[in-house]
Amino acid sequence: LVLTKKGTTYIRQRDEEKFLVLFSSIWDSDFFCNSTFINGRLSDITMKAFINLAYTLEVNKSYEVKYIMDDYEFDLDYLLGINEYLKLLGLVKTDFYPAYTWEITKLGKLVFDCLYQREHNIQSSDLVRLELYRDEKEH
């Protein structure tokens with residue numbers, strides 16, 4: 001394994017910059033199409049529906065997925081396809097037993113609230129400071 005110039009640049013970045021690179025890669029229509037088998041037009045609609053969903057959820061409260069899907073414009077394949085990536089970034093938590101439940105973390109709420117506010121032209125800061133999240137998590 002050999003690090004390229006881009007690799008060493010990535011390693012030197014702050015945690016927030018690394019997070020942004022990863023999240024931006026995941027939160028992309030092409031990535032959605034490939035990971036969830038949803039076509040391009042539907043991926044934009046689904047991403048917007050997901051932002052609206054995340055905006056309405058309370059932090060660290062479990063929701064049964066069957067009830068979430070009834071209210072929003074996406075299906076189980078979509079949620080299963082993107083769930084693992086969001087979980088790896090610490091944005092959501094899931095449980096498959098005894099029921100399939102889904103919850104948004106505090107960091108997830110911050111990120112999706114920023115996306116919601118940008119989508120709806122609400123004035124907000126696009127800055128998510130990971131050190132503030134990290135400090136609260138440790139206490």
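## Aromatic pairs

Rings of Phe, Tyr and Trp, the last taken by its six-membered ring, are treated as a pair if their centres lie within 6.5 Å. In this predicted model, ring pairs join Phe19, Phe23, Phe50, Trp102 and Phe112 into a cluster. The count of aromatic pairs comes to 6. One of them is formed by tyrosine 55 and tyrosine 116, which is stacked because the ring centres are 3.6 Å apart and the planes stand at 10°. This pair links distant parts of the chain: tyrosine 55 belongs to helix α4 (residues 40-56) and tyrosine 116 to helix α7 (residues 106-119), 61 residues apart. Tyrosine 55 is partly exposed, with a relative accessible area of 32%, whereas tyrosine 116 is buried at 16%.

Phenylalanine 96 and tyrosine 100 also form a stacked pair, with 4.7 Å from centre to centre and 15° between the planes. Phenylalanine 96 is partly exposed, with a relative accessible area of 49%; tyrosine 100 is buried, with a value of 16%.

In soluble globular proteins, nonpolar side chains tend to be buried together. The largest nonpolar core here has 28 residues, and those that touch the most other members are Phe23, Trp27, Phe50, Leu86, Leu91, Trp102 and Phe112. Two or more residues of this core come from each of the elements α2 (15-26), α4, α5 (65-71), α6 (76-88), β3 and α7.

Beyond residues up to four places away in sequence, phenylalanine 23 touches Leu86, Leu89, Leu91, Val111, Phe112 and Leu115. Tryptophan 27 lies in the loop between α2 and α3 (29-36) and is buried, with a relative accessible area of 13%. Tryptophan 27 and tyrosine 85 are 58 residues apart in sequence, and their C-alpha atoms are 9.7 Å apart in space.

## The three-stranded sheet

An open sheet is formed by 3 strands in the order β1-β3-β2, with antiparallel pairing. The edge positions are taken by β1 and β2 (92-95); each has a single partner strand, so one side of each is left without a neighbour in the sheet. Strand β1 is joined by 2 bridges to strand β3 (residues 101-104), and the two run antiparallel.

Threonine 101 is part of strand β3 and is buried, with a relative accessible area of 17%. Leaving aside neighbours within four places in sequence, threonine 101 is in contact with Ser62, Tyr63, Glu64, Val65, Lys93, Thr94 and Asp95.

Tyrosine 63 is found in strand β1 (residues 63-64), where it stands opposite tryptophan 102 in β3. The relative accessibility of tyrosine 63 is 17%; values under 20% count as buried, so this residue is buried. With residues up to four places away in sequence left out, tyrosine 63 touches Leu57, Glu58, Ile68, Tyr100, Thr101 and Trp102.

The contact list of tyrosine 63 includes Glu58, and a polar atom of the tyrosine 63 side chain lies 3.0 Å from the backbone nitrogen of glutamate 58. Tyrosine 63 and glutamate 103 are 40 residues apart along the chain, and their C-alpha atoms are separated by 6.1 Å.

## Backbone features in the loops

A cis peptide bond, with omega about 5°, joins tyrosine 97 and proline 98. Proline 98 is located in the loop between β2 and β3.

Asparagine 60 is not a glycine, yet it has a positive phi of about 55°. This asparagine lies in the loop between α4 and β1 and is partly exposed, at 44% relative accessibility.

Methods: Residues are numbered from 1 along each chain as its sequence is written. This is a predicted model: local features need pLDDT of at least 70, side-chain atom pairs count only at pLDDT 80 or more; totals for chains, interfaces and linings use all residues. Side-chain values use heavy atoms; hydrogens and water are left out. Rings of Phe, Tyr and Trp (its six-membered ring) pair if their centres lie within 6.5 Å; planes under 30 degrees apart count as stacked, over 60 as edge-to-face and the rest as tilted. Helices (H or I, at least four residues) and strands (E, at least two) are DSSP runs, numbered from the N terminus. Buried means under 20% relative accessible area, exposed over 50%, partly exposed in between (1.4 Å probe, protein chains only). Contact means heavy atoms within 4.5 Å. A polar contact is a pair of N or O atoms within 3.5 Å; within protein, one must be able to donate a hydrogen and the other to accept it, and residues adjacent in sequence count only if both atoms are side-chain atoms. Two strands pair if DSSP finds at least two bridges between them. A nonpolar core is a set of buried Ala, Val, Leu, Ile, Met, Phe, Trp, Tyr and Cys residues joined through side-chain atoms within 4.5 Å.
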